[in-house]
Amino acid sequence: MDHSAPGRTARALAFLRRHQVFAVAFALGGVLRLVTMLGYGPAMWFNDSYEYVSVALHPRPHPIRPSGYGFWMMILKPFHSFSLVVFTQHLMGLATAALIYALLRRRFALPKWGATLAAAPVLFDAYQIQLEQLIMSDTMFMLLVVGVVTMVLWHRRMSWKIGAVVGLLLALTWLTRSIGLPILALVVAYLVIKRTSWKAVVAVVVACAVPILSYMGWFAASMGKFAMTNSDGLILYMRTAIFADCSKMHIDKYKEIQLLLLCINDPVDQRKDYAQWYLWGQGGGGTGTGEVLHRWGAGKKFTEITNEAASAFATRAILSQPGDYLKVVGRDFFRAFSWGRPQFPDAATYNMYEFRPYYDLDTNGRPKRLPNWPAYQGRTDTDAFSYEQGPPETRIVSPFAEIMSSYQDVFYLRGIMLGGIMLVGLYGVAVRWRSVGGPVALPWLGAFGLLLAPAATAEFDYRYVLPAVPLACIAAGITLRRGIISGRPRPTSASASEPTTVPA
C-alpha cells in the first residue's frame with residue numbers, strides 16, 4: 001500500500017471529490033466560524049460562563065450544574081486562551097455535522113445531497129455558530145448526544161465493547177448537562193426494545209454508572225449529599241412559581257413551615273411571565289420572590305435543605321394545580337416552533353444570543369468590562385483574567401462582526417421549520433409502528449425530549465432548542481430515505497437500524 005505523502009494526498013482529494021457537496025458545505029461552515037472568531041474574540045459571554053471558568057480554576061463539584069464542561073476548560077487551561085476554548089467548540093459543531101452526514105449516508109443510504117441538507121442547520125445556523133462562540137457547555141453536549149445516537153444506530157449488532165463506549169459517552173453527556181439522565185434512559189429502553197444482547201445493555205449501564213457514581217461520591221464528600229447537584233428542586237420551583245397558589249395547595253401551617261416559607265405573596269395575575277426571575281431575581285418590593293429565597297439566609301440558596309424544600313413545594317404545586325402546570329409547559333414547548341424569534345425571557349438574556357456589533361462596547365467604544373460578581377474564591381472578572389492571562393472581554397472587530405450580525409438576521413432555522421422537521425420524523429415513527437418506530441424512534445424521541453424537558457422542569461430558552469435540531473434532522477433523514485431513493489427494493493422487514501451500507 002502506498003503510504004507516501006502524494007498517495008495520501010491523492011486519496012484525500014478522491015474522497016473530497018466523492019463527497020464534494022458536503023465538502024463545500026463543510027468548508028463554508030468553517031469559514032463562517034473563522035469570521036466569527038475574528039469578529040468576536042477571544043470569546044462571547046453568558047451569565048453562566050463565569051461559573052464554568054471558576055470550576056476550571058478551582059476544580060470541584062458545582063452545586064448548580066454538573067462540572068463536566070468546567071473540566072474540559074481545566075484541560076485547556078495551560079494554554080490560557082479562551083480563543084482556543086471556542087475554537088474547540090467550533091470543531092465540535094463541525095464534527096456534529098460530519099456525524100449526521102456519515103450516519104445518514106453510510107448506514108441509511110441517503111443521497112449525498114440529502115445527507116448534506118440534514119447537516120445544513122448545524123453548519124449554517126447563525127445562532128448555532130454564535131452558541132459555539134460562547135463560553136457554554138451546550139455545544140459539547142450536542143456533540144456527545146449526536147455521538148451516542150450515531151454509535152447506537154451505526155451498529156446493527158452491538159457488542160459489549162461498543163456498549164461500553166456508548167456508556168462512557170452517556171456519562172460524559174450527563175456530566176455536561178443534567179438532561180443526560182433521561183438520554184441514558186431513552187438509549188437503554190431503545191436497546192431493550194430492539195432486543196440488543198444483554199451483555200451490551202449491561203455494558204452501557206455499567207460504563208455510564210462508574211464515572212457518574214464516582215462524581216456523586218465526590219459531590220457527597222464536598223456537599224454532604226449523594227447527588228449531581230443541589231439545584232434540581234430549586235429549578236423546578238422556579239417553573240411552578242409563576243402559577244403556584246398556596247391557597248390551593250393545602251399546606252399545613254403547623255407542620256409544613258418550610259413550604260409556607262416558599263409561598264409567594266404576589267397575586268398570580270401580577271407575577272412575572274418568565275420563570276427564571278423566580279430563581280435569579282433579586283426582588284425589591286418586599287413581597288416578590290427575590291425576598292422568598294433570601295428568607296433562608298444569605299448565600300444559602302443552593303443548599304440541600306433549600307433544594308429539598310423547593311422540590312417538595314414544586315411537587316405539591318404540580319399535583320394541586322395540574323391544569324396550570326400543563327398550561328405553562330405547553331406554552332413554553334410551543335415557543336420553539338414560532339416563525340420569528342420573539343424576545344424571551346428578557347432583553348438581557350435574549351441579547352446574549354445575538355451577534356450585535358456594538359452590544360459589547362461601552363460609551364467610549366471600548367469592550368465592556370466583565371461583571372465583577374462574587375465567585376468561588378474570587379470574582380468573575382478576575383477569574384476570567386486569570387484564566388486568559390490577559391483581557392478576557394469580547395473585542396468587536398470590523399468588518400467581521402458586522403458580517404456575522406447581518407448574516408444572523410437571515411440565516412437561521414426558524415421554529416416553524418423545526419416543527420416541520422419534527423412532523424416528518426413523527427411520520428417516520430408512526431409508519432414503523434410494528435417495529436416500535438424503528439431507527440427513527442431514538443433520534444426523534446431524543447429531539448422531542450430535549451425540547452420538552454426545559455419546558456417541563458425549568459423554562460424555555462432559545463439555546464435549549466439547538467441541541468435538539470441535529471437529532472430531529474437525523475430522524476427526518478431516516479424517514480425520507482425511502483421517499484427519495486428510487487430503484488431500490490424495499491426491505492421485507494424492519495431491522496434494528498435498517499442499515500444500508502453504501503460505498504464511501
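Biologist: Which residues does Val 329 touch, not counting residues up to four places away in sequence?

Modeller: A contact here means heavy atoms within 4.5 Å, and by that rule Val 329 touches Leu 452, Ala 455 and Ala 456, with residues up to four places away in sequence left out of the count. This is a predicted model, in which local features need pLDDT of at least 70 and side-chain atom pairs count only at pLDDT 80 or more, while totals for chains, interfaces and linings use all residues. Residues are numbered from 1 along each chain as its sequence is written, and side-chain values use heavy atoms, with hydrogens and water left out.

Biologist: Is Val 329 buried or exposed?

Modeller: Buried means under 20% relative accessible area, exposed means over 50%, and partly exposed lies in between, computed with a 1.4 Å probe on protein chains only. Val 329, with a relative accessible area of 8%, is therefore buried.

Biologist: Which residues of H17 are buried, and which are exposed?

Modeller: Tyr 325, Val 328, Val 329, Asp 332 and Phe 333 are buried in H17. Seen down the helix axis, these buried residues fall within an arc of 135°, so they line one face of H17; the arc is that of the directions from the helix axis to the C-beta atoms. Leu 326, Lys 327 and Phe 334 are exposed on the other side of H17. The buried residues of H17 pack against helix H12 (232-241), helix H16 (304-320) and helix H22 (441-457).

Biologist: How many aromatic pairs does a search of the whole structure find?

Modeller: Rings of Phe, Tyr and Trp (its six-membered ring) pair if their centres lie within 6.5 Å, and planes under 30 degrees apart count as stacked, over 60 as edge-to-face and the rest as tilted. The search of the whole structure finds 25 aromatic pairs. In one of them, the rings of Phe 22 and Tyr 101 have their centres 4.3 Å apart and their planes at 15°, so the pair is stacked. This pair links distant parts of the chain, with Phe 22 in helix H2 (residues 20-39) and Tyr 101 in helix H5, 79 residues apart. Phe 22 counts as buried at 9% relative accessibility, and Tyr 101 is buried at 6%. For Phe 333 and Phe 334, the ring centres are 5.2 Å apart and the planes stand at 85°, so that pair is edge-to-face.

Biologist: Which residues does a disulfide join?

Modeller: A disulfide is a covalent bond between the sulfur atoms of two cysteines. The rule asks for a pair of cysteine sulfur atoms within 2.5 Å, and the count comes to one disulfide, which joins Cys 246 to Cys 263 with an S to S distance of 1.9 Å. Cys 246 lies in the loop between H12 and helix H13 (257-261) and Cys 263 in the loop between H13 and helix H14 (277-280), so the pair ties together parts that are 17 residues apart in sequence.

Methods. Helices (H or I, at least four residues) and strands (E, at least two) are DSSP runs, numbered from the N terminus.
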